[in-house]
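Please open the model in your viewer with a cartoon display and keep the sequence panel in view.

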Amino acid sequence: MDRNSKVFQTIAWIIFSIELILIIGVGLVSHFHPKDPTAVPDNFLKFIISFYFIIFAIIIEILTYFAIKNMTNENQSWNIVLIIMGFIHNPLFLIPGISELILHLKNKDTYGHI
């Protein structure tokens, strides 16, 4: 593992941590704020939509976690997953994802082939 690769993984972990804190913080504030009209779903459809949104957010966060954890491996498939997460979820993940891919292409001798 290259030093630059570790730097890009650290940047990705920082972005992931800030994003997770914001997701949890906004959820808690909207749930406990007494005058927030979205805190309690008033009908079944809003409940189902909010439930599926929470499940979708959890799945995205789990995929992003494993993509960051395995982004420095020789297998670059998790790096591609991180780039896809950058397109569909948080564009800040494009920075470490593309940088790691460029570093991988630059150092084929130490990383192996794509």
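How many helices and how many strands does the secondary structure of the protein come to? The secondary structure comes to five helices and zero strands, where helices (H or I, at least four residues) and strands (E, at least two) are DSSP runs, numbered from the N terminus. This is a predicted model, in which local features need pLDDT of at least 70 and side-chain atom pairs count only at pLDDT 80 or more, whereas totals for chains, interfaces and linings use all residues. Residues are numbered from 1 along each chain as its sequence is written, and side-chain values use heavy atoms, with hydrogens and water left out.

**The whole chain**

With everything displayed, follow the elements from the N terminus, which run α-α-α-α-α. Of the 114 residues of the protein, 28% count as buried; buried means under 20% relative accessible area, exposed over 50%, and partly exposed in between (1.4 Å probe, protein chains only). Among contacts (heavy atoms within 4.5 Å) with a separation of 6 or more, 60% are between residues 24 or more positions apart.

Select residues 44–69, which form helix H2, with 26 residues and a reach of 38 Å from the first C-alpha to the last, close to the 38 Å expected at 1.5 Å a residue; the expected span is 1.5 Å times one less than the number of residues. Then colour the buried residues of H2, which are Ala57, Ile60, Glu61, Thr64, Ala67 and Ile68.

Next select Asn70, in the loop between H2 and H3. Asn70 counts as buried because its relative accessibility is 18%. Leaving aside neighbours within four places in sequence, Asn70 is in contact with Asn75 and Trp78.

**Helix H3**

Helix H3 has twelve residues and reaches 17 Å from its first C-alpha to its last, close to the 16 Å expected at 1.5 Å a residue. Show the side chains of its buried residues, Asn79, Leu82, Ile83, Met85 and Gly86. Seen down the axis of H3, these buried residues fall within an arc of 155°, so they line one face of the helix; the arc is that of the directions from the helix axis to the C-beta atoms. They pack against H2 and H4, whereas Phe87 and Ile88 are exposed on the other side of H3.

**Leu92, in the next loop**

Move on to Leu92, which is placed in the loop between H3 and H4. Leu92 counts as partly exposed because its relative accessibility is 45%.

Helix H4 has 13 residues and reaches 18 Å from its first C-alpha to its last, and its buried residues are Leu94, Pro96, Gly97, Glu100, Leu103 and His104.

Finally, display H3 (residues 77–88) together with H4 (residues 94–106): they pack at an angle of about 145°, with their axes 8 Å apart. Axes are lines fitted to C-alpha atoms, for helices over the stretch in contact, and angles run from 0 to 180 degrees between N-to-C directions. Which residues meet here? From H3 come Asn79, Ile80, Leu82, Ile83, Gly86 and Phe87, and from H4 come Leu94, Gly97, Ile98, Glu100 and Leu101.
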